[in-house]
Amino acid sequence: MKKKLSVLALGAALTLNVVTAGHVWAQAALTDGQMTKVDASAGKITIKHGPMKKFDMEDGMTMVYRVQGPAMLTAVKAGDKVKFEAEHVNGQFIVTTIQKAK
Ligand SMILES: [Cu+2]
């Protein structure tokens, strides 16, 4: 039993390391964009973004995304430069991470 617990503790430590070290990695994976519109009632934001290879968007474009949580609608506003990550789920593009770019 004691051995099992130490394995769990190691697992937790590794997870923490990934979160900490993941900061740089996450930065690199984010796409640059600029907010052009926030539609809070619809839970949607419009972002003019640079290339997103994972969605075969080789060139930048302006498009509407749903947001994963309502907090994202207050974290950014139209005109803000942002870095974001999105997923394609059931035919919709959903922003899963967004932060203001400096
Ligand atoms: Cu796009």
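## The barrel

In this predicted model, five strands form a closed barrel in the order β1-β2-β3-β5-β4, with mixed pairing. Strands here are DSSP runs of E with at least two residues, helices are runs of H or I with at least four residues, and both are numbered from the N terminus. Two strands count as paired if DSSP finds at least two bridges between them. Direction ignored, neighbouring strands of the sheet are turned by 55 degrees against each other on average; the axes behind this value are lines fitted to C-alpha atoms, for helices over the stretch in contact, and angles run from 0 to 180 degrees between N-to-C directions.

Residues are numbered from 1 along each chain as its sequence is written. Because the model is predicted, local features need pLDDT of at least 70 and side-chain atom pairs count only at pLDDT 80 or more, while totals for chains, interfaces and linings use all residues.

## Strand pairing

Strands of a sheet pair through backbone hydrogen bonds, in either the parallel or the antiparallel sense.

By contrast, β3 (residues 61-67) and β5 (residues 92-100) pair in the parallel sense over two bridges. In β5, V95 is the bridge partner of V67.

## The nonpolar core

The largest nonpolar core has 13 residues, and I45 and V95 have the most contacts inside it. Such a core is a set of buried Ala, Val, Leu, Ile, Met, Phe, Trp, Tyr and Cys residues joined through C-beta atoms within 7 Å. Strands β1, β2, β3, β4 and β5 each give two or more residues to this core, and β4 gives the most, with three.

Beyond residues up to four places away in sequence, I45 touches M35, K37, V38, Y65, V67 and V95. Two residues are in contact if their C-beta atoms, placed from the backbone, lie within 7 Å.

## The chain as a whole

The chain has two helices and five strands, arranged from the N terminus as α-β-β-β-α-β-β. Of its 102 residues, 17% are buried; a residue is buried if 20 or more other C-beta atoms lie within 10 Å of its own, exposed if 12 or fewer, and partly exposed in between, with C-beta atoms placed from the backbone. Among contacts between residues at least 6 apart in sequence, 41% join residues at least 24 apart.
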